Amino acid sequence: MEYFAHSQKEFVYKYVVMLSDTDQFEHTSFANYLKLMFLAADALFVSCYDAKFLSVHRLKLVSSRLQFKKQTIAGNHILIKVNSSQIDGSVFSLIFTFVIEGSGELVGLGRQTYILLSRRSNQPEYLSESMKKLLGPIRVEEENLLYKY
Amino acid sequence: MSEIGKKIFIFDKIRIFFKHTDYYGYVHPYNYCEWTSYVREAFFSENCGDFKKIIDSKVKMMTAKIQMDTHSDCSFGDLIEAKLTVTKVKRVSFDVIVKFINVGLGELAAETQHTLVFVDSEFGQFTDIPKNIKLAIADYQE
């Protein structure tokens, strides 16, 4: 886990836009930003995705949204900063701030809400300790943030 | 003048293959984003005769935001029918709603809503929705 500011901790996933991410308009196509949110979320949780966890739990996406602020092109280095919010029982949200590394230009603002389910019963389950350990340090109060996600 | 809400565009060419499934054997939600782009582009190709000409012009169609809600799970072999309608039509933008129905179960699997905005790439400013796109969406408004 990487921390960027002294006042606010966040998980950061870095991605370099490849030619294969872009379309005929030379920009990253919108669906690929959604894919990056899933990649960043997977990267956050990869340490608790062992065989035991996966055999018992299922992390299911409830909703996902993204606002686009700036187009990116092949070669751009994108930092996807991930914070957690609204952690409540079996449900939590991740908020994503996409910026271009170096210039800090804002590329997009994303949000995903997940629910943890029992794989056997498909019923909601309380978040595991291993997940809480990952979500806790990057938790933010959204009303205190500069952007609306 | 066409009656608002009269038509729904149906795209019925989606079938679930292994590549669409996740660790648990369900459709990974990312696919609904990708299919959303297929559905809207199929809609414009079928309903807006000069769509290719428009996208080659200085007027660019951009996705400004997208929202996706997932509902029931889909698995390998399922057939999905996507239903497209349009809402919030303004001068320079409109929203596209795509509902993904699992044909076998008759259930809503997921729903996306995205905002398309038109930009004059020469001046870097928002511009009116091209006339033929406006005509194409007129009958599909919710």
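User: In what order do the elements of chain A run from the N terminus on?

Analyst: They run β-α-α-β-β-β-β-α. That makes three helices and five strands. Helices (H or I, at least four residues) and strands (E, at least two) are DSSP runs, numbered from the N terminus. The model is predicted: local features need pLDDT of at least 70, side-chain atom pairs count only at pLDDT 80 or more, and totals for chains, interfaces and linings use all residues. Residues are numbered from 1 along each chain as its sequence is written, while chains are lettered from A and ligands numbered from 1 in the order in which they are written.

User: Why is chain A called as compact as a globular protein of its length?

Analyst: The radius of gyration, taken over C-alpha atoms, is set against the globule rule, 2.2 Å times the number of residues to the power 0.38. For 149 residues the rule gives 15 Å, and chain A has 16 Å, which is close, so the label holds. Its C-alpha atoms fill a box of roughly 45 × 35 × 25 Å along the principal axes.

User: What is the pattern of chain B, read along the sequence?

Analyst: Chain B follows β-α-α-β-β-β-β-β-α, with three helices and six strands. Its radius of gyration is 16 Å, close to the 14 Å from the globule rule for 142 residues, so chain B is also as compact as a globular protein of that length. The box of its C-alpha atoms is roughly 50 × 35 × 25 Å along the principal axes.

User: What makes A:Gln86 partly exposed?

Analyst: A:Gln86 has 15 other C-beta atoms within 10 Å, so it falls in the middle class. The residue sits in strand S3 (residues 77-88) of chain A.

User: How many residues does the contact take from chain A and from chain B?

Analyst: Chain A gives 16 residues and chain B gives 16. Two residues are in contact if their C-beta atoms, placed from the backbone, lie within 7 Å. On the side of chain A that touches chain B, S2(A) gives the most, with nine residues.

User: How do you know that S2(A) and strand S2 of chain B pair?

Analyst: Two strands pair if DSSP finds at least two bridges between them. S2(A) and strand S2 (residues 59-70) of chain B have five bridges, in the antiparallel sense.

User: What makes the largest nonpolar core a core, and which residues have the most contacts inside it?

Analyst: A nonpolar core is a set of buried Ala, Val, Leu, Ile, Met, Phe, Trp, Tyr and Cys residues joined through C-beta atoms within 7 Å. The largest has 65 residues, and those with the most contacts inside it include A:Ala40, A:Ile80, B:Ala82 and B:Phe100. H1(A) gives the most to this core, with nine residues. B:Ala82 touches, among them, B:Phe11, B:Trp35 and B:Phe100, not counting residues up to four places away in sequence.

Key: A residue is buried if 20 or more other C-beta atoms lie within 10 Å of its own, exposed if 12 or fewer, and partly exposed in between; C-beta atoms are placed from the backbone.
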